[in-house]
Amino acid sequence: MTKLETLQSALAPREDEILNYQVNIDNYTRAIAKIDAEHADNPAMADFRNQLSKLLDSSKIEQLKAIIIRDVIAEQITELEAS
C-alpha cells in the first residue's frame, strides 16, 4: 500500500469520527436545554446537567482535534495527487 492509498483509507474513518462527535454534541446540547426547561428545580438533574456540560465541552475539543487531523490528511492527499 502506498502512502497515498494509506492516507485515502484514513480519511473516511476520520469523517465518521467527526460525525459521531457532532451527534454527541447535538444530543448533549438538547439534553441540557431540556433539563433547563423542564427539570431546573430538581437537584439530581442539576448534577446530571453539569456532567453533560463537561461531556459537551470535551466532545467539542475532541471533534476539533479530529477536524485538524482530517484536514492534514486531506492536504497530504492533495499534495500527493498533484505530484
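**Figure 1. Contacts across the chain.** Of the contacts in the chain with a separation of 6 or more, 79% are between residues 24 or more positions apart; a contact means heavy atoms within 4.5 Å. This is a predicted model, in which local features need pLDDT of at least 70 and side-chain atom pairs count only at pLDDT 80 or more, while totals for chains, interfaces and linings use all residues. Residues are numbered from 1 along each chain as its sequence is written, and side-chain values use heavy atoms, with hydrogens and water left out.

**Figure 2. Outline of the chain.** The chain has 2 helices and 0 strands; helices (H or I, at least four residues) and strands (E, at least two) are DSSP runs, numbered from the N terminus. The radius of gyration is 18 Å, well over the 12 Å that the globule rule gives for 83 residues, so the chain is more spread out than a compact globule. That radius is taken over C-alpha atoms, and the globule rule is 2.2 Å times the number of residues to the power 0.38. Along the principal axes, the C-alpha atoms fill a box of roughly 60 × 15 × 15 Å.

**Figure 3. Helix H2 and its buried residues.** H2 has 40 residues and reaches 58 Å from its first C-alpha to its last, close to the 58 Å expected at 1.5 Å a residue. The expected span is 1.5 Å times one less than the number of residues in the helix. Of the 83 residues of the chain, 18% count as buried; buried means under 20% relative accessible area, exposed over 50%, and partly exposed in between (1.4 Å probe, protein chains only). The buried residues of H2 include Leu 52, Leu 56, Ser 59 and Gln 63. These buried residues of H2 pack against H1. An α-helix has 3.6 residues a turn, so residues three or four places apart point the same way.

**Figure 4. Surroundings of Arg 70.** Arg 70 lies in helix H2, which covers residues 43-82, and is one of the buried residues of that helix. Not counting residues up to four places away in sequence, Arg 70 touches Leu 11, Arg 14, Glu 15 and Ile 18.

**Figure 5. Position of Glu 5.** Glu 5 is in helix H1, residues 3-38. With a relative accessibility of 39%, Glu 5 counts as partly exposed. From C-alpha to C-alpha, Glu 5 and Ile 77 are 8.8 Å apart in space, and 72 residues apart in sequence. Arg 70 is 65 residues from Glu 5 along the chain, and their C-alpha atoms are separated by 15 Å.
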